[in-house]
Amino acid sequence: MRKLLIASMLGIMSFGGPAPASAATYLTGFATMHLAGHGWCDVNPGAGIEFDNGFAVGVYKNSLCRTSVYIAKEFAYSFVPAITGGVLVGAVTGYRWKITPVVLPEIVFRLTDSVKLAALIQPITTRIMPAFVAVQLRYSF
């Protein structure tokens, strides 16, 4: 199943042609505050890359202290030049389901020309994932 997800990620990333290296953004893992229950892993180290077409792939240690692989598409709207908001839609492994669909609202603050701070929100607790707020650094290169 993991091989299928990785093959899908590579296929989606190549859709529309490869992104130039100058358009890539490095994504860190997450610092997470869980809003329900206790015993969750709040430090979620990881790494990913987002391409100029809005697709992102990566790996991180999730809230269950397991390794997760994700693929997502960012749909963003610029409120003002330094702030965008939107939603990430994708899939992630490593939770209670082998592949979990994900829809996460986000707000992104541009700190410098190459550094952004993203806040992602899971507003409700489900059987699969607790409610949380997570922050992530993004470095363009």
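Predicted model: local features only at pLDDT ≥ 70, side-chain atom pairs only at ≥ 80, totals over all residues.
Biologist: What holds strands of a sheet together?

Modeller: Strands of a sheet pair through backbone hydrogen bonds.

Biologist: What do strands S1 to S8 form here?

Modeller: They make a closed barrel of 8 strands, in the order S1-S2-S3-S4-S5-S6-S7-S8, with antiparallel pairing. On average, neighbouring strands are turned by 30° against each other, direction ignored.

Biologist: How do you know that S3 and S4 pair?

Modeller: Set the count against the rule again. They share 7 bridges, and at least two are needed, so S3 and S4 pair. The sense is antiparallel. One facing couple is Lys 61 and Thr 67, the latter in S4. The two strands form a hairpin with 5 residues between them.

Biologist: Why is Cys 65 called partly exposed?

Modeller: Its relative accessible area is 44%. Buried means under 20%, and exposed means over 50%. The value for Cys 65 falls in between, so the label is partly exposed.

Biologist: How is Ala 31 classed, and where is its place?

Modeller: Ala 31 lies in strand S1. Its relative accessibility is 43%, between the 20% and 50% limits, so Ala 31 is also partly exposed. Ala 31 and Val 135 are 104 residues apart in sequence. In space, their C-alpha atoms are 5.4 Å apart.

Biologist: Which strands follow S4 in the pairing, and with how many bridges?

Modeller: S4 and S5 pair over 10 bridges, in the antiparallel sense. Tyr 70 stands opposite Val 92 in S5. Their hairpin has 2 residues between the strands. Next, S5 (residues 83–93) and S6 (residues 99–110) pair antiparallel over 11 bridges. There, Leu 88 faces Leu 104 in S6. This hairpin has 5 residues between its strands, and Gly 94 in the turn has a positive phi of about 95°.

Biologist: How do you know that S6 and S7 pair?

Modeller: They have 5 bridges, and at least two are required, so the pair counts. S7 covers residues 115–122 and runs antiparallel to S6. Val 108 has Ala 118 as its bridge partner in S7.

Biologist: What is in the largest nonpolar core?

Modeller: It has 16 residues. Tyr 60, Tyr 70, Val 92, Leu 104 and Leu 120 touch the most other members. S6 gives the largest share, 3 residues.

Biologist: What makes a space a cavity, and how many are there of 30 Å³ or more?

Modeller: In a cavity, a 1.4 Å probe fits but cannot get out. The search finds 1 cavity of 30 Å³ or more. About 350 Å³ of space lies in the largest cavity. It is lined by 23 residues, and Phe 30, Tyr 60, Tyr 70, Leu 104 and Leu 120 lie nearest its centre. S8 gives the largest share of that lining, 4 residues. By class, the cavity lining has 17 nonpolar, 4 polar and 2 charged residues.

Biologist: Why is the other kind of space called a pocket?

Modeller: A pocket is an open set of points, so the word differs from cavity. The largest pocket holds about 200 Å³ of space. Of its 16 lining residues, Glu 50, Glu 74, Thr 84, Val 108 and Lys 116 are the closest to its centre. S4, S5 and S6 each give two or more residues to the lining. S6 gives the most, with 3 residues.

Biologist: How does the lining of the largest pocket divide by class?

Modeller: There are 8 nonpolar, 2 polar and 6 charged residues. Glu and Lys count as charged, so Glu 50, Glu 74 and Lys 116 belong to the charged class.

Technical notes:
Residues numbered from 1 in each chain as written. Heavy atoms only, no water. Axes fitted to C-alpha atoms, helices over the stretch in contact; angles between N-to-C directions. 1 Å grid on protein atoms, 1.4 Å probe; cavity = no way out; pocket = protein on both sides within 12 Å on 5 of 7 lines; lining within 4 Å. Points joined across faces, edges and corners; volume = space filled by probe spheres on them. Core = buried A, V, L, I, M, F, W, Y, C linked by side-chain atoms within 4.5 Å. Buried < 20%, exposed > 50% of the residue type's maximum accessible area, 1.4 Å probe, protein only.
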